[in-house]
Amino acid sequence: MDYKNAGVDIEAGYKSVELMKEHVKKTMRSEVLTNIGGFSGAFSMGAFKDMEKPTLVSGTDGVGTKLKLAFIMDKNDTVGIDCVAMCVNDIACAGGEPLFFLDYIACGKNEPEKIATIVKGVAEGCIQSGCALIGGETAEMPGFYPEDEYDLAGFAVGVVDEKDLITGKEIADGDILIGIASSGVHSNGFSLVRSVFKISEESLNTYYERLGKTLGEALITPTKIYVKTLKEIKNAGVRIKGCSHVTGGGFYENIPRMLHDGVKAVIKKDSYEIPEIFKMLAKDGDIAEDMMYNTFNMGVGMVLAVDPKDVETVLEAVKLAGEEGFVLGFVEAGEKGVTLC
């Protein structure tokens, strides 16, 4: 008896590392001091010594049950983008610049080519957000996960000068809420999605004219990464007062997280076009409107609170970054929370 006969193939692990190196290399920043395959990743803070009060910000998350679709569709090259997005978008919400990312993949059987494909997606997410993939772990766990399944999670660390932290403390009555469009369902609410739609190879491959793609393509679309968009806004000279990454819990849970006591967000539902995938979910699942807004992003991935004088500058910066922005609503005095009208 040996480790391989027990279900853990060490040689496959070595091969996985070799195959992923080409993808990891593309994410490197000058501050990275170590090579892939070491026991830890080292990152120099020298470039930030001129900040008045350099402050570390961090985020951690996973992809959740969206992975079930990846298994059925045998499409493993984009879920890594989702994993990175869920972490770096949270860092960007605080005004931070993501510096580096580490991933964790747990699987029933280490198939080097599949692992490398997953990491390719992680690397792409790092490239989109400008952070380095400086390490990770692939754990082969036979008997714990089915051979053809895996879990994917990770965490990111970023930096921001303390004076530039986005805290929401400055939000005031009369401020304007800017929405930035999502790319679809992103990586939240998939337990409900999987209860509404039959998640099979046949159903996921079904083409819908109203979607302009198959159901699977619409649902597997990776989470939008907003790091460069928020940087574009900052470079335009705008101070973002509050920022909300609309994830699990939708509008009702996430938007209040950027508010302080004494102000509330008023959202105008007709201020943008809700994507068809959410309309299908609501109709096919007979889901009440409040539950939709309490579960999904409804086509809005980020919500920003800005001074009224900065609205046009922000919208222009969002457009320059290649994203779609719109006036979503406003802030008014009242009990902390969200009102949809």
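This is a predicted model: local features need pLDDT of at least 70, side-chain atom pairs count only at pLDDT 80 or more; totals for chains, interfaces and linings use all residues.
A helix axis here is a line fitted to C-alpha atoms over the stretch in contact, and the angle between two axes runs from 0 to 180 degrees between N-to-C directions.

**Stop 1: α8 and α12**

Select residues 227-235, which form α8, and then residues 311-320, which form helix α12. The axes of α8 and α12 come within 8 Å and cross at roughly 135°. Angles from 65 to 115 degrees count as roughly perpendicular and those over 145 as roughly antiparallel, so α8 and α12 are oblique to each other. Their crossing is right-handed.

**Stop 2: the second largest pocket**

Five lining residues come from α8, the largest share. The volume of this pocket is about 370 Å³.

To find the middle of the second largest pocket, select Gly95, Gly96, Asp164, Leu230 and Lys234, which lie nearest its centre among 18 lining residues. Colouring the lining by class would give nine nonpolar, three polar and six charged residues.

Where does the second largest pocket lie relative to domain 1 and domain 2? Colour 3-164 as domain 1 and 175-340 as domain 2. Both domains give residues to the lining, so the second largest pocket lies between them.

**Stop 3: the largest pocket**

Next, select Gly13, Val17, Gly136, Glu137 and Thr138. Of the 28 residues lining the largest pocket, these are the closest to its centre. The volume of the largest pocket is about 680 Å³.

Now show α1 (10-25), β2 (97-107) and β3 (132-140), the elements that each give two or more residues to this lining. By class, the lining of the largest pocket holds 13 nonpolar, 11 polar and four charged residues.

**Stop 4: the cavity**

Pockets are open, whereas a cavity is a space that a 1.4 Å probe fits but cannot leave. How many cavities of 30 Å³ or more are there? The count comes to one, and about 50 Å³ of space lies in the largest cavity.

The lining of the largest cavity has six charged and three nonpolar residues, with no polar ones.

**Stop 5: α3 and α4**

Finish with a second pair of helices. Select residues 79-93 for helix α3 and residues 112-129 for helix α4. The axes of α3 and α4 come within 6 Å and cross at roughly 40°. Angles under 35 degrees count as roughly parallel, so α3 is oblique to α4. The crossing of α3 and α4 is right-handed.

Technical notes: Residues are numbered from 1 along each chain as its sequence is written. Side-chain values use heavy atoms; hydrogens and water are left out. On a 1 Å grid over the protein atoms alone, a cavity is a set of points where a 1.4 Å probe fits but cannot get out, and a pocket is an open set with protein on both sides within 12 Å along at least five of seven lines; lining residues have an atom within 4 Å of a point. Grid points are joined across faces, edges and corners, and a volume is the space filled by probe spheres set on the points. Helices (H or I, at least four residues) and strands (E, at least two) are DSSP runs, numbered from the N terminus. Ala, Val, Leu, Ile, Met, Phe, Trp, Tyr, Cys and Pro count as nonpolar, Asp, Glu, Lys and Arg as charged, and the others, Gly among them, as polar. Domain bounds come from an automatic or database domain assignment. A crossing is left-handed if the near helix is turned anticlockwise from the far one by less than a right angle, and right-handed if clockwise.
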